[in-house]
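Please read it beside the sequence and the coordinates.

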Amino acid sequence: MADRILVTTDDLEHAVRINAGLEAAGFDTAMVSSFDDVRQAVRGRGVPPDCIILTGGLHESPAKQLLASAQDHAISTLGLVEATEPEPKDLARDLGLTAWLAKPVDPNEAVTTTRRLIDRRKLQQRTGIMGESAPIQEVLVKIEQMAPVTSTVLVEGESGTGKELVAKGIHDLSPRRGKPFIAVNCAALPETLLESELFGHEKGAFTGAAERRLGRFELADGGTIFLDEVGEMAPATQVKLLRVLEERSFFRVGGIQPIKVDVRVIAATNRSLKDAVALGQFRDDLFYRLNVLAIYLPPLRERRSDIPLLVRRFIAEFAAQHDRQFRGITPEALQILVEADWPGNVRQLRNLIESMVVLAPEGEIRAADIPRDIRERGGARALPVRVSSASRDVAGQEVEFILRSLVELKLQIEELRRRIEERPAQRVEVIEVGGGPQDPLLAEPVPEAGEGGGGAVIYRAGMTMADVERAAIEAALKDTRGNRRKAAEVLGIGERTLYRKLKEYQLA
């Protein structure tokens, strides 16, 4: 069955040419004259479109409503942006477009982009990686880029973010898709068993080894092996893993013959391996071998816009699984879930939705049905989170971590002071308030007097580092009249970092 594409006719010339190109490429297309027609198609009971191409009118209210509806229904969107648009990337991000092209648009480019968006959507459906936010779309792009090659991949992300789904996605898109995908949780096995599990053993290699046993690397030959929580691997096993990565061979436990394997290694960790290397807990040479290609999987709190989509998907899934007539979730309850911190990320959200679908008495999730610790938001932070394996010296690690954090904080303060002193062009002024001299970094922002300041920042005693950072961002945005790209340049940080800080301080 051909993929279905809707093309709006706001820019008729572009719409006709793109529609013709899509039809020639084998897509099932339809041109619609109004956003109401598109909304009807999105919300209708028939087969929803696989992609919507908006040829114009992106600044109008109906377009924003349509794009919000498309996000809720997991439909890809491609927007054609006017050549005069000053910040097309910011516009696409703010509207929630899956992709955008600047006019004039070559129909062949539109067809290629549309096919890529549909393939990416199918990848999401196959792997279960759900989300329309920019961070998740970036993850999907990296999966597409990394899948065709054989390089080692390191997936970093907190517990519950879906690291194994990413590994499976890479495998399913790779030339190895028909070969084995073997997953090993390195933290689930003690050191004495992990080596035998990975590399196998010969008969009589140790007490209880009654017969030869193939290891996971042999079983994955020709395919992919996924090493979850690789940061928990013991030093002796790290050495043997390094040998496999370097020489593509290993010895079974108790064996004397090297065994050659053709295996792609995808490793995952829920803690910073760079910090583990600095603390002497992880081999630096192994880290470099694993970190050839890297994917960062963002926690749920960094992509809150995906929570409504995830909630609706999980409600539909569990209502069908438990054979319950379920209406959905109230806006008030949904807002509570969006604002929660989710230390357990998608896994925690999914489990909570299942429990509420089963237990909600009214066939609808209401605010009162949500556990108190989630309703109070801060309570979610109190959930227990494992910080290291029991076999490590936890107290010693905590002391080292605190000391390193204090040193990093001191360096950040000195860097901020240097920037304030050396960049008068930013018009970030330190104004002493009160009778005596003050350290400008120990002050707190007060409302501007309204004169002669541009982006001036005023400080008072008691200001935290977060207050300093927020004030500096506000000043830079004011100086650049809201241009985020220029503000990021003024602040000396990346645009993505600025975007994350805007979300964190609720300045977006």
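1. The open sheet has five strands in the order 7-8-11-6-12, and their pairing is parallel; strands are DSSP runs of E with at least two residues, helices are runs of H or I with at least four residues, and both are numbered from the N terminus. Two strands are taken to pair if DSSP finds at least two bridges between them. Strand 7 (181–185) and strand 12 (293–297) are the edge strands, each pairing on one side only. From one strand to the next the twist averages 15 degrees, with axes being lines fitted to C-alpha atoms, for helices over the stretch in contact, and angles running from 0 to 180 degrees between N-to-C directions.

2. This is a predicted model, in which local features need pLDDT of at least 70 and side-chain atom pairs count only at pLDDT 80 or more, while totals for chains, interfaces and linings use all residues. Residues are numbered from 1 along each chain as its sequence is written, and side-chain values use heavy atoms, with hydrogens and water left out.

3. Among contacts with a separation of 6 or more, 67% are between residues 24 or more positions apart.

4. The peptide bond joining K103 and P104 is cis, with omega about -5 degrees, and P104 is placed in the loop between strand 5 (99–102) and helix 5 (107–127). R248, although not a glycine, has a positive phi of about 60 degrees; R248 is found in the loop between helix 10 (235–247) and strand 9 (249–250) and is partly exposed, at a relative accessible area of 28%. W342 is likewise not a glycine and has a positive phi of about 55 degrees, but W342 is buried, with a relative accessible area of 0%, in the loop between helix 14 (331–339) and helix 15 (345–359).

5. W342 is also one of the contacts of L337, which, leaving aside neighbours within four places in sequence, include I307, V311, I329, L352 and M356. L337 is found in helix 14 and counts as buried at 0% relative accessibility.

6. In helix 8 (residues 191–199) the buried residues are L194, S196, E197, L198 and F199, and their cover includes strand 7, helix 9 (216–219), strand 8, helix 10 and strand 9. G200, which follows helix 8, has a positive phi near 80 degrees.

7. The structure holds 30 salt bridges, a salt bridge being a side-chain nitrogen of Lys or Arg within 4 Å of a carboxyl oxygen of Asp or Glu. One of them joins the side chains of E87 and R485 (3.7 Å, N to O); E87 lies in the loop between strand 4 (76–81) and helix 4 (88–95) and R485 in helix 19 (residues 484–491), so the pair ties together parts that are 398 residues apart in sequence. E87 counts as buried at 18% relative accessibility, whereas R485 is partly exposed at 33%.

8. Two further pairs involve loops beside strands of the sheet. R176 and D262 meet through their side chains in a salt bridge (2.9 Å, N to O); R176 lies in the loop between helix 7 (163–173) and strand 7 and D262 in the loop between strand 10 (259–260) and strand 11, so the pair ties together parts that are 86 residues apart in sequence. E232 forms a salt bridge with R271, their closest N and O atoms being 3.2 Å apart, and both E232 and R271 are buried.

Terms used: Buried < 20%, exposed > 50% of the residue type's maximum accessible area, 1.4 Å probe, protein only. Contact = heavy atoms within 4.5 Å.
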